[in-house]
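Please look at the sequence and the structure before reading on.

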Amino acid sequence: MIGSNFSLGITILLGIVILALGVFFGLLYLGIDRKLVARMQGRIGPPIRQPFRDVSKLLMKESIIPDDAISWLFKFAPVLCLMGAAVLLLYVPLFGQPALLEGSGDIIVVLYLLIIPALALVLAGFSSSSPFATVGAQREMVTLMSYEFPLVMSVVAIAWHTGHVTGASPFLFSTLAAFPIWGQVGPVGIIGAVLLLLVLLFIIPGELSKIPFDMAEAETELAGGVLVEYSGRNFALFYVANAVKAIALVAIVVGLFFPYNLSPVIGIGAAIPATIVDGIFFLVKVFLVMFVSVMVARAAMARFKIDQASKIYFISSTLVGLLGLILLWIDLVI
Amino acid sequence: MSNIKNMDDTKEVKTSYTIPIGPIHPALKEPIRLDLSVDGEEIIDVDVVVGQVHRGMEWLGMNRNNPIQTIYLAERICGICSVSHPFALVMAVEQAAGIEVPPRAEYIRVIIAEMERIHSHLLWAGVAAHEIGFDSVFYLVWKVREEIMDAMEYLAGNRNSKAMFQFGGVRRDITEEQFPRVRKSLDYYLSIFDQLGNIFLKDKTINMRTRNVGILKKEDALRLTIVGPTARASGVSKDARQGHAYSAYADMDIKAITPDVITGKVVGDVYDRIVVRLLEIKQSIEIIDKCLKEMPSGAIISEPKVAKLLAVLKKAEGEGIGVHEAPRGECFHYVRMEAGMDPLACWKVRAPTYANLMAIPTMLKGEQIADVPIAFASIDPCMSCTNRAITVKQPRKGTECLLDLHELSLEKTRRLEAEFDR
Amino acid sequence: MEILSPEKIVESFKSALGDGLLSSRIHQQEVAITRNLFQAIWLSVTPGSFKKSVAHFSSLQDYPHLAVVSSSDLGEEIELIYHFSIYYEYQFKEISVGVRVVLPKSKPEIPTITDIIPGALFTERETQEMIGIKVIGIPDDRRLFLSDDFPIGVYPWRKDDTGPQDLLKTLPGQKVPGR
């Protein structure tokens with residue numbers, strides 16, 4: 001009895017540590033993102049600690065709730081968004097370690113959890129009673145529905161392939177970590193896996209509402225869209241949630257495609273140095289994925305229209321994803 | 001029967017609602033209100049509400065200022081085209097009062113006006129990129145624009161409000177020693193012109209966002225008396241520099257640019273407006289180059305003494321019009337002068353955006369909300385030009401008039417001072 | 001369509017309007033070094049034949065261009081000038097035609113021309129609110145620049161009792177401008 005209580009306590013403690021780290025690195029990466037994009041655009045950009053200042057300032061500010069808004073939903077939506085993003089963090093392997101709440105089928109759980117922050121945004125939009133927010137919420141919903149299919153398809157394809165080849169339990173991040181996809185496939189399969197990776201990289205800006213897929217917030221069209229009425233603490237929660245979500249989402253891609261650790265390669269056996277080396281290596285991997293899918297895309301493209309974005313996800317991404325799936329299957333058959 | 005009608009009414013309430021864009025909105029650089037009736041993402045109807053920054057400038061020109069002061073007032077009608085309005089005004093007054101302008105002054109006027117066109121079109125290109133969420137291009141173009149701003153500062157002493165114009169000529173000469181600096185700017189723009197063209201005409205996302213968006217057909221453009229690049233992009237060969245022989249433009253061979261030069265056909269969409277403006281940058285470079293080469297020598301002003309000029313203007317009797325092709329289109333001024341009267345008897349300003357706003361409902365109907373910023377920006381709207389403060393005697397509940405605000409401000413200063421002393 | 005000289009244009013107006021054309025003036029000005037001509041025509045027509053004169057433009061030019069309507073208070077009368085422009089497609093052939101109509105203040109009414117030139121709507125709305133005339137048959141009767149709380153019956157460009165004199169306020173330390 002005492003032992004299980006003790007391990008529960010450790011788990012809760014670890015959970016809090018992971019959340020704190022998630023928030024910290026989420027905001028840090030946001031700062032790096034802003035600085036680097038600014039440099040790409042020929043600007044100086046804000047200091048890297050700017051997101052921390054933003055959050056601390058927002059927390060001090062008054063939260064204004066519009067008269068016509070559905071008050072409880074308006075206040076609940078940011079909490080739900082942050083909760084969704086936080087729970088997501090617990091199911092994703094971070095810093096080269098297995099996920100805190102790992103267990104059978106955690107990949108499936110993660111796929112469902114990914115919807116919660118997006119749904120919270122939709123709720124926020126509809127509850128704030130502004131026409132801009134309403135249009136933003138509609139767009140967020142359309143985007144969500146459009147990228148969901150290619151997202152699920154690519155994740156499931158990888159998990160299924162690994163499970164099939166190795167005979168280990170599929171839909172587990174630990175299985176993928178033990179048997180990275182690149183080691184299990186032949187030349188045809190590698191092309192398929194690359195295509196699936198591309199699809200996922202393309203979905204990340206959509207999930208995070210970043211240019212070119214920031215239709216739901218579209219500053220010049222909807223003046224901030226779903227979040228137009230949010231201010232103060234409520235807005236700070238969304239701000240933090242988005243940063244946490246960015247880390248979690250990129251960690252999923254890293255967990256699916258690059259679950260390698262550095263410590264075995266360079267031969268560090270001791271537990272603590274190995275943990276530190278793997279943690280830093282994880283942060284580097286996250287940075288690289290973010291750099292390609294968020295920063296470069298943001299600097300190099302214009303915002304799509306909602307119908308164009310929908311077509312890109314629903315038709316182009318799905319077709320590419322299907323092709324990847326078929327290639328993986330052919331790889332199995334051969 | 002009435003029941004059916006009611007049902008229809010409720011249905012309509014459900015399917016369409018109004019989105020107000022403006023008066024303050026990130027997509028608008030200046031205040032205007034577009035009331036959009038939308039159904040989902042599609043725009044059903046648009047109503048344009050202007051007047052938020054009406055400053056009563058024509059009234060000032062007709063009641064308070066002498067004509068020379070009015071030049072500098074006209075310069076401040078618009079924040080961007082600070083040459084176009086004085087240009088048209090001095091032409092109108094010179095015509096009304098019969099003042100001759102030396103040829104050298106005409107050439108200097110044209111050089112300054114064309115430099116302004118380059119700066120204005122580049123500024124627009126940046127704003128347009130920002131409207132479609134392409135901030136990298138926005139920053140790039142505005143960086144490029146600095147070169148012409150520096151050149152203008154070098155010639156006129158200021159980046160924007162250049163105060164070059166005077167009745168009967170210009171106030172500052174452009175000397176031989178200054179030519180190399182101007183040429184350097186022109187060479188710079190010629191060297192990067194292809195690069196700019198590549199970005200704006202070939203980039204895939206820009207193409208996706210601007211092709212077949214905000215279409216204005218040639219017939220509509222003619223019917224609605226649209227002017228400037230907006231009209232030319234619809235295939236209308238309308239350019240004041242081509243039609244009227246005025247200033248040094250009378251010595252140039254300027255043809256109105258329509259987009260079929262590059263694209264082969266005229267669609268009248270946002271993309272075509274980009275094409276026209278890009279080509280006009282090149283045209284402006286050529287005009288400035290020609291002016292520098294052929295600039296005649298001689299005086300730059302027919303009457304340099306302001307007091308004498310004022311006396312002439314006070315005696316003048318007559319009326320005149322001034323037409324200048326501003327970067328956004330035809331800028332039109334009408335002036336009537338009465339002998340013995342200090343201010344102008346009548347001054348009417350017609351800025352290009354005033355005419356082009358008529359095109360907005362036609363352009364936006366049937367488009368998506370996402371197209372509003374870029375389609376609206378594509379006419380390069382300049383609201384401060386269009387509107388020209390009226391203080392209201394009995395302010396609406398909750399609004400304060402200028403005087404009250406001023407007093408409130410004084411009161412706060414006094415209060416803070418008192419607190420500080422304590 | 002053939003390009004008429006300014007004299008011919010005045011002739012054509014004379015034959016189209018008859019007594020409706022009160023006076024005409026041709027302004028030609030040589031400019032710059034090549035001495036090309038800047039051309040303008042000023043016509044003065046009666047309120048009754050105004051609409052006919054606008055219709056007559058259509059025989060000179062498909063889609064005549066209307067720049068703006070300028071208006072001034074002459075005391076007992078209000079003068080409107082419609083600034084048209086024709087032949088704008090041809091190089092240095094464009095002619096500005098100002099059509100002047102003088103309306104008595106007792107009956108300041110003029111028919112709309114939006115049926116011939118739809119683009120005239122804004123300037124008609126502005127003229128209506130600023131100088132206090134009535135445009136008969138205007139499709140959109142709302143104010144353009146003036147806000148809704150601006151008093152009814154005050155016209156900023158009038159120089160009589162209905163002018164904005166009562167509304168003028170000045171900042172502390174400044175005089176009310178007098179005419």
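Leaving aside its neighbours within four places in sequence, B:Arg109 is in contact with B:Phe87, B:Val90, B:Glu94, B:Val101, B:Phe165, B:Gln166, B:Gly168, B:Gly169, B:Val170 and B:Ser247. This residue belongs to a predicted model, and the values in this report should be read with that in mind. B:Arg109 is found in helix H5 of chain B, and its relative accessibility is 1%, so B:Arg109 counts as buried, the cut-off for that word being under 20%.

## Which chains meet

Which chains share the most contacts? Two pairs of chains are in contact, and of these it is chains B and C that share the most contacts. Chain A and chain C, on the other hand, do not touch, and their nearest C-alpha atoms are 24 Å apart.

## The interface of chains B and C

On the side of chain B, 67 residues take part in the contact with chain C, and they meet 64 residues of chain C. The area buried between chain B and chain C is about 5,700 Å², and carbon and sulfur atoms give 61% of this area. Within chain B, the residues that lose the most area to chain C are B:Trp59, B:His244 and B:Tyr354, which together account for 10% of what that side buries.

How many salt bridges does the rule find across the interface of chain B and chain C? The rule finds five salt bridges there, and one pair of residues that forms a salt bridge is C:Arg25 with B:Glu319, whose closest N and O atoms are 3.9 Å apart. There are also 22 residue pairs in polar contact between chain B and chain C, counted where both residues are at pLDDT 80 or more. When the side of chain B that touches chain C is sorted by class, it has 32 nonpolar, 15 polar and 20 charged residues.

## The interface of chains B and A

The contact between chain B and chain A takes 27 residues from chain B and 25 residues from chain A. Between them these two chains bury about 2,300 Å², of which 58% is on carbon and sulfur atoms. Across this interface the rule finds zero salt bridges, while the count of residue pairs in polar contact, both at pLDDT 80 or more, is three.

Several elements of chain B give two or more residues to the side that touches chain A, namely strand S1 (16-21), helix H5 (103-131), helix H6 (135-156) and helix H8 (204-210). S1(B) gives the most to this side, with five residues. By class, the side of chain B that touches chain A has 14 nonpolar, eight polar and five charged residues.

A single residue can illustrate this meeting of chains. B:Ser136 lies in helix H6 of chain B, and, leaving aside its neighbours within four places in sequence, B:Ser136 is in contact with A:Gln41, A:Ala299 and A:Ala300. With a relative accessibility of 13%, B:Ser136 counts as buried.

## Pairs of aromatic rings

A pair of aromatic rings is described by the distance of the centres and the angle of the planes. By the rule used here, the count over all chains comes to 25 aromatic pairs. In one of them, A:Phe24 and A:Phe52 form a tilted pair, with 5.6 Å from centre to centre and 40 degrees between the planes. This pair links distant parts of the chain, for A:Phe24 is in helix H1 (residues 2-40) of chain A and A:Phe52 is in helix H2 (residues 50-60) of chain A, 28 residues apart. A:Phe24 counts as partly exposed at 40% relative accessibility, and A:Phe52 also counts as partly exposed, at 27%.

The rings of A:Tyr230 and A:Phe238 have their centres 5.0 Å apart and their planes at 85 degrees, so this pair is edge-to-face. A:Tyr230 is buried, with a relative accessible area of 6%, and A:Phe238 counts as buried at 5% relative accessibility. Elsewhere in chain A, ring pairs link A:Tyr147, A:Phe202, A:Phe213, A:Phe304 and A:Tyr313 into a cluster.

Terms used: Residues numbered from 1 in each chain as written. Chains lettered and ligands numbered in written order. Predicted model: local features only at pLDDT ≥ 70, side-chain atom pairs only at ≥ 80, totals over all residues. Heavy atoms only, no water. Contact = heavy atoms within 4.5 Å. Buried area = accessible area lost by both parts, 1.4 Å probe. Salt bridge = Lys/Arg side-chain N within 4 Å of Asp/Glu carboxyl O. Polar contact = N/O pair within 3.5 Å; in protein donor to acceptor, adjacent residues only side chain to side chain. Nonpolar A, V, L, I, M, F, W, Y, C, P; charged D, E, K, R; others polar. Helix = DSSP H or I, 4+ residues; strand = E, 2+ residues; numbered from the N terminus. Phe/Tyr/Trp six-rings, centres within 6.5 Å; stacked < 30°, edge-to-face > 60°. Buried < 20%, exposed > 50% of the residue type's maximum accessible area, 1.4 Å probe, protein only.
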